[in-house]
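I opened the model today to look up a few helices, strands and single residues. My entries are below, in the order in which I went through them.

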Amino acid sequence: MKVKNRTIFMLAGILAVVTCVYLLDEWYRFNKHLELLRKDNVIAVSKLFKMLPDRADKVLRAYTHLIVTDKDVITSFEKGDRKELNTLLQPYVKLLNESFPKSTSVLTFHSAEGKVFLRTLVPEIYGDISANYRPMLRDVLKTGQPASGLEVCTKIMGFRHMTPVVRDGKLIGVLEVGTDISFMASRLQAVSSIKSAVMVNQFVASRLKLKTGDNGRAVYYNDSVIPSDVLFESGRKDVLKKSINYGGDRYDILGDFSLHDYSGSDLGQFVFLVKAGSMEGWMRSHLLHVFIIGGLGALLMIFVARKGIIDSVAELEKSHEAVLNELRLTNHNLEEKIRREVENCRVKDQIINQQQKVADMGLMLSALAHHWRQPINAVGLYVQDLADAYRNGELNMQYIDEFEKNNMQLLNKLSESIDKYRTFFEPSVEKERFDVVEILKETGEILRATLSSQDVKLTMTCRCGDSDFDCMLSEKSPACENGYGHINGFLNEFKQTLLNLLYNSVDAIRARYAAQDCEHDGLIAVTMIADDNTIRISVADNGTGISDEIMDKVFNPFYTTKEAGKGTGIGLYMAKTVIEKYMCGSLTAKNNGRGVTMEIVLPKNSPCM
């Protein structure tokens with residue numbers, strides 16, 4: 001074999017080995033990434049499945065306590081006036097429906113003999129002896145103690161709380177308040193893209209008059225587009241699939257949870273599904289491109305090597321046209337390579353942005369917990385005060401109206417916060433005009449409780465024109481009211497940038513006081529100044545500061561000063577990209593003597609706007 005032929009085969013073999021190793025490594029990384037995404041979703045679903053029934057039970061207990069302390073309601077029940085009782089219960093029915101939207105709520109009075117006295121859901125139907133098939137009702141009538149749990153009736157399956165109704169020391173009946181199990185799916189759907197399906201066994205299906213499939217299961221609830229029989233493995237009627245391709249999309253089954261009623265009997269299972277996300281789709285596309293480009297590249301390199309070795313230098317010099325053709329081919333390949341690299345950079349930026357959003361979601365969930373704590377505590381105090389008012393004889397219609405007004409304001413506030421958080425991390429499709437003062441106020445309301453729990457004080461000062469005021473107060477300056485603080489840009493990306501700067505300040509303050517082992521006097525001061533041409537926002541803290549040696553590196557991707565596992569190094573990079581690339585502003589950092597000041601400058605009139 002000639003030397004040039006041996007060289008060709010050697011180069012081809014080395015190239016083939018390198019290509020195979022690279023492709024196998026890409027495949028391994030792809031599957032590892034998908035498995036990590038799946039585990040994160042499974043953990044989140046498991047926590048929500050355990051948390052929602054407990055919260056529902058607390059709400060239902062509060063409603064039963066509220067109703068049994070209503071003298072007019074109990075008097076009507078004792079007199080047996082079904083029409084008057086139904087009228088008095090309508091405000092409670094309305095509150096119950098508002099507490100569990102998109103779900104069927106139940107409010108029922110049972111007599112001491114176990115008969116249905118009044119169903120507010122269907123008041124024209126009464127008198128059946130429900131204790132015959134309601135073990136929870138039998139236990140409450142027998143023991144005189146409240147009970148809670150999951151139970152199947154003739155119409156719905158849901159969470160119930162029953163409490164005895166006692167008058168002058170005598171049990172006169174039982175009050176039942178409940179909600180359909182589908183409320184869990186609606187709550188989950190409100191804060192995520194996770195779908196749900198409730199599959200029940202033949203016993204439940206026969207009671208609810210549902211049709212079972214070949215797998216012996218009936219669909220009680222399903223808010224996905226996937227038929228129930230597609231969820232199970234072929235030939236295995238009780239085993240769910242891990243992944244489903246349906247309607248051109250792929251879905252992952254995150255897990256299923258067994259459902260048991262009050263007496264411990266098996267009812268079926270709660271199944272959670274999620275559609276494959278954009279990250280996974282990009283990974284699949286990227287992997288396909290790697291295989292295609294790798295194969296084409298290998299063939300091209302073998303061809304070029306073969307042609308270069310076989311053709312003599314003399315023949316190449318004599319054929320000027322061949323040299324020009326080779327040069328054109330090289331230029332074409334170079335342009336294509338540059339185009340691919342530009343596209344890869346764009347996709348990598350999307351991946352970095354997605355990673356930062358995932359990290360920020362964890363911080364936002366913590367903020368949400370603190371943000372809800374005060375309204376929930378207030379509701380608890382109102383409920384406790386209701387009992388005291390009853391015992392002290394202060395309970396009257398005026399008191400109840402005030403009680404309803406205050407609690408509904410708190411519940412509406414919680415509902416509004418869900419709407420805000422649900423869209424917080426959605427990417428802005430188009431630029432829009434928004435009020436920077438309102439964004440600062442909203443962010444401050446979200447974080448104030450969380451920062452307070454960590455002994456960090458947050459102040460926000462806004463200036464439109466010549467007047468300063470507290471951004472988090474409802475009253476603005478006249479200049480800000482007239483749109484002086486408005487700007488055009490990507491709203492949600494701007495929110496995330498501001499949130500990232502604030503959390504960096506919190507981490508710096510915690511690091512400083514952990515090192516000094518002393519009490520906190522942490523302070524984050526946010527200042528917004530709007531003039532005719534620009535809006536300036538500074539975030540100053542009294543944390544650890546940034547050394548001069550690394551000041552120029554803090555905005556580099558994947559550079560972090562935090563300990564391993566506590567920072568990704570992409571937060572400030574993405575913040576700078578959003579401000580400078582997409583809003584034509586600037587983001588700078590400098591030490592202020594006590595900590596660091598991050599300053600955002602946004603022009604009101606620029607090509608980006």
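The entries go from a helix pair to the sheets and then to single residues.

**Entry 1: the model**

I note at the start that this is a predicted model.

**Entry 2: H2 and H3**

I looked up how helix H2 (residues 71–79) sits against helix H3 (residues 82–99). Their axes come within 9 Å and cross at roughly 150 degrees. Angles over 145 degrees count as roughly antiparallel, so H2 is roughly antiparallel to H3. I recorded the crossing of H2 and H3 as left-handed.

Which residues meet at this crossing? From H2 I listed Asp72, Val73, Ser76, Phe77 and Lys79, and from H3 Glu84, Leu85, Leu88, Leu89 and Tyr92. Sorted by class, the contact of H2 with H3 holds six nonpolar, one polar and three charged residues.

Next I went to strand S1, residues 105–111. I found seven of its seven residues buried, and the strand is mostly covered. In a regular strand the side chains alternate between the two faces of the sheet. I checked the directions in S1: Ser105, Leu107, Phe109 and Ser111 point one way, while Val106, Thr108 and His110 point the other way, and all are buried.

S1 runs antiparallel to strand S5 (residues 170–180), and seven bridges join the two. Thr179 in S5 is the bridge partner of Ser105. S1 is also antiparallel to strand S2 (residues 116–119), here with three bridges. Opposite His110 I found Val116 in S2. The hairpin of S1 and S2 has four residues between the strands, and Gly114 there takes a positive phi near 85 degrees.

**Entry 3: the five-stranded sheet**

In what order do the strands of the five-stranded open sheet lie? I read S7-S6-S10-S9-S8, with antiparallel pairing. The edges are strand S7 (218–222) and strand S8 (243–246), each of which pairs on one side only. From one strand to the next the twist averages 30 degrees.

Within this sheet I followed strand S9 (residues 249–260) and strand S10 (residues 266–275). They run antiparallel and are joined by nine bridges. Leu259 stands opposite Gly268 in S10.

**Entry 4: the six-stranded sheet**

I then traced an open sheet of six strands in the order S13-S12-S15-S16-S18-S17, and the pairing is mixed. Strand S13 (467–470) and strand S17 (586–591) are its edge strands, each pairing on one side only. Neighbouring strands of this sheet are turned by 15 degrees against each other on average, direction ignored.

Strand S12 (residues 456–464) pairs with strand S15 (residues 522–530) in the parallel sense, over nine bridges. Leu458 has Ile524 in S15 opposite.

Which helices did I find lying across strands of this sheet? Helix H11 (residues 436–453) lies across S12, S13, S15 and strand S16 (534–541), and it runs at about 170 degrees to S12. Helix H14 (residues 571–582) lies across S17 and strand S18 (596–603), running at about 135 degrees to S17.

I placed Pro135 in helix H4, residues 135–143. Leaving aside neighbours within four places in sequence, Pro135 is in contact with Glu151, Tyr262 and Ser263. Pro135 and Tyr262 are 127 residues apart along the chain, yet their C-alpha atoms are separated by 7.6 Å.

Asp435 belongs to strand S11 (residues 432–435). Is Asp435 buried or exposed? I noted a relative accessible area of 9%, which is under the 20% limit, so Asp435 counts as buried. Not counting residues up to four places away in sequence, Asp435 touches Lys476, Gly485 and His486.

**Entry 5: two positive phi values outside glycine**

Asp168 has phi near 55 degrees, a positive value in a residue other than glycine. I found Asp168 in the loop between strand S4 (157–167) and S5. With a relative accessible area of 76%, Asp168 is exposed.

Cys584 is not a glycine either, but has a positive phi of about 55 degrees. The loop between H14 and S17 holds Cys584. Its relative accessibility is 27%, and Cys584 counts as partly exposed.

Key:
Residues are numbered from 1 along each chain as its sequence is written. This is a predicted model: local features need pLDDT of at least 70, side-chain atom pairs count only at pLDDT 80 or more; totals for chains, interfaces and linings use all residues. Side-chain values use heavy atoms; hydrogens and water are left out. Axes are lines fitted to C-alpha atoms, for helices over the stretch in contact, and angles run from 0 to 180 degrees between N-to-C directions. Angles under 35 degrees count as roughly parallel, over 145 as roughly antiparallel, 65 to 115 as roughly perpendicular and the rest as oblique. A crossing is left-handed if the near helix is turned anticlockwise from the far one by less than a right angle, and right-handed if clockwise. Contact means heavy atoms within 4.5 Å. Ala, Val, Leu, Ile, Met, Phe, Trp, Tyr, Cys and Pro count as nonpolar, Asp, Glu, Lys and Arg as charged, and the others, Gly among them, as polar. Two strands pair if DSSP finds at least two bridges between them. Buried means under 20% relative accessible area, exposed over 50%, partly exposed in between (1.4 Å probe, protein chains only).
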